[in-house]
Amino acid sequence: RKVCDLIRKDPVLGGIRIIAISGFLSDSESKKILSQGFDDYLPKPFQIQELMNRLQAPKAQATGQRKT
């Protein structure tokens, strides 16, 4: 949570999307990731195009649809 908070407060980095990449994503794990401040998550293995799509998508279209 602290890393996400630091990025969000940074004037240069504050607007970037923060995406977690994990080898194991249960429902509870994905909820934990989103509650820690990430905008979205990707389970491994993943395709580079999927990562690019999520990086370019508006925040409202994120998998977890984190509310700020």
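Which residue's side chain meets that of Glu50 in a salt bridge? I looked this up at the start, noting that the model is predicted. The partner is Arg54, with a distance of 2.7 Å from N to O.

**Entry 1: Glu50 and Arg54**

I located Glu50 and Arg54 and found both in helix 3, which covers residues 48-56. Four residues, or about one turn of the helix, separate Glu50 from Arg54. I then examined the accessibility of each partner. Glu50 has a relative accessibility of 31% and therefore counts as partly exposed. Arg54 has a relative accessible area of 15%, so I recorded Arg54 as buried, the cut-off for that class being under 20%. I also noted that Glu50 and Arg54 belong to one network with Arg17 and Asp40, joined by salt bridges that share partners.

**Entry 2: Salt bridges in the whole structure**

**Entry 3: Asp39 and Arg8**

I found a salt bridge between Asp39 and Arg8, in which the closest N and O atoms are 3.0 Å apart. This pair links distant parts of the chain, its members being 31 residues apart. Arg8 belongs to helix 1, while Asp39 sits in the loop between helix 2 (27-35) and strand 2 (40-43). Arg8, at 24% relative accessibility, counts as partly exposed.

**Entry 4: Asp27 and Lys31**

I next looked up Asp27, which forms a salt bridge with Lys31. The closest N and O atoms of this pair are 3.3 Å apart. Both residues lie in helix 2, with a spacing of four residues, about one turn of the helix. I recorded Asp27 and Lys31 as exposed, both of them.

**Entry 5: A nonpolar surface patch**

Which residues form a nonpolar patch on the surface together with Val12? I found Leu13 and Ile16. Together, Val12, Leu13 and Ile16 have about 280 Å² of accessible area. I placed Val12 in the loop between helix 1 (2-9) and strand 1 (19-22). Why does Val12 count as exposed? Its relative accessibility is 71%, and the class requires over 50%.

Definitions and conventions: Residues are numbered from 1 along each chain as its sequence is written. This is a predicted model: local features need pLDDT of at least 70, side-chain atom pairs count only at pLDDT 80 or more; totals for chains, interfaces and linings use all residues. Side-chain values use heavy atoms; hydrogens and water are left out. Patches are made of residues with over 30% relative accessible area and no salt bridge: like charges are joined within 9 Å, nonpolar side chains (Val, Leu, Ile, Met, Phe, Trp, Tyr) within 5 Å. Accessible areas come from the Shrake-Rupley method with a 1.4 Å probe; for residues, only the protein chains shown count as cover. A salt bridge is a side-chain nitrogen of Lys or Arg within 4 Å of a carboxyl oxygen of Asp or Glu. Helices (H or I, at least four residues) and strands (E, at least two) are DSSP runs, numbered from the N terminus. Buried means under 20% relative accessible area, exposed over 50%, partly exposed in between (1.4 Å probe, protein chains only).
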